[in-house]
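Let's take a friendly walk through this structure together. Keep the viewer open, and follow along heading by heading.

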Amino acid sequence: MATQTKINYLKLVLWIIFVEAVGILSSQLSGNIKTVYNSLKLPIFSPPGVVFGIVWPILYLFIGISGYIIWQTRKKYPDTLWLFLSQLFLNFIWTIVFFSGSLLTTGFIIILIMDIIVVILITKVSPVNQTAGWLLVPYLIWLLFATYLAGGFAVLN
């Protein structure tokens with residue numbers, strides 16, 4: 001179990017801004033996501049496009065807080081930081097590949113890899129800091145749902 005450390009609020013805010021910026025930049029580089037999404041044959045349980053604009057900023061907030069906590073323990077547990085940054089990079093490229101490249105099968109493969117990395121990250125970070133692990137659980141749940149959607153898009157389109 002990790003010991004409690006003092007929170008550096010500036011660094012915490014910077015981590016949140018960094019992760020939110022990754023999401024914003026990814027969506028900006030992906031073209032017109034709304035048009036692409038609405039042009040696809042949607043699998044059952046596909047939410048309206050507006051849901052993504054609500055869910056992702058909240059998830060990026062949680063991911064940013066978790067990233068800050070993971071960064072704090074990077075010297076003792078460097079593999080968790082690399083896992084965190086790897087999944088964040090895949091998250092960044094997934095949107096671009098899927099929506100601007102229309103590479104639905106490639107996007108499905110990328111998100112499957114992201115799922116695996118996030119599961120490994122949660123299992124490695126939870127014993128170090130349960131808060132960091134729990135903050136990633138809603139992200140994993142949403143990713144699994146997004147994986148279902150991506151698979152459905154790949155099959156139907």
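## Aromatic pairs

Rings of Phe, Tyr and Trp, the last taken by its six-membered ring, count as a pair if their centres lie within 6.5 Å. By that rule, the structure holds 14 aromatic pairs. Please keep in mind that this is a predicted model.

A pair to look at is tryptophan 15 with phenylalanine 84, whose ring centres are 5.7 Å apart and whose planes stand at 70°, an edge-to-face arrangement. Why does this pair tie together parts that are 69 residues apart in sequence? Tryptophan 15 belongs to helix H1 (residues 9-28), while phenylalanine 84 belongs to helix H4, so the contact links those parts. Tryptophan 15 is buried, at a relative accessible area of 12%, and phenylalanine 84 is buried too, at 0%.

Which residues form one aromatic cluster? The members are Tyr37, Phe52, Trp94, Phe98, Phe99, Trp142, Phe145, Tyr148 and Phe153.

## Helices H4 and H5

How are two packed helices described? By the angle between their axes and the distance between the axes. For H4 and helix H5 (residues 104-125), the angle is about 160° and the axes are 9 Å apart. Angles over 145 degrees count as roughly antiparallel, and H4 and H5 are therefore roughly antiparallel to each other.

The crossing of H4 and H5 is left-handed. In the contact of H4 with H5, the residues comprise 18 nonpolar, six polar and two charged.

## Threonine 95

Now zoom in on threonine 95, which sits in helix H4 (residues 78-100). Is threonine 95 buried or exposed? With a relative accessible area of 12%, threonine 95 is buried, because anything under 20% falls in that class.

Setting aside residues up to four places away in sequence, threonine 95 touches Ser26, Ser27, Ser30, Ile33 and Ser100.

## Alanine 150

Next, find alanine 150 in helix H6 (residues 130-156). Alanine 150 has a relative accessibility of 1% and so counts as buried. Beyond its neighbours within four places in sequence, which residues is alanine 150 in contact with? They are Trp94, Phe98, Phe108 and Ile111.

For a sense of distance, alanine 150 and glycine 67 are 83 residues apart in sequence, and their C-alpha atoms are 25 Å apart in space.

Conventions. Residues are numbered from 1 along each chain as its sequence is written. This is a predicted model: local features need pLDDT of at least 70, side-chain atom pairs count only at pLDDT 80 or more; totals for chains, interfaces and linings use all residues. Side-chain values use heavy atoms; hydrogens and water are left out. Helices (H or I, at least four residues) and strands (E, at least two) are DSSP runs, numbered from the N terminus. Buried means under 20% relative accessible area, exposed over 50%, partly exposed in between (1.4 Å probe, protein chains only). Contact means heavy atoms within 4.5 Å. Axes are lines fitted to C-alpha atoms, for helices over the stretch in contact, and angles run from 0 to 180 degrees between N-to-C directions. Angles under 35 degrees count as roughly parallel, over 145 as roughly antiparallel, 65 to 115 as roughly perpendicular and the rest as oblique. A crossing is left-handed if the near helix is turned anticlockwise from the far one by less than a right angle, and right-handed if clockwise. Ala, Val, Leu, Ile, Met, Phe, Trp, Tyr, Cys and Pro count as nonpolar, Asp, Glu, Lys and Arg as charged, and the others, Gly among them, as polar. Rings of Phe, Tyr and Trp (its six-membered ring) pair if their centres lie within 6.5 Å; planes under 30 degrees apart count as stacked, over 60 as edge-to-face and the rest as tilted.
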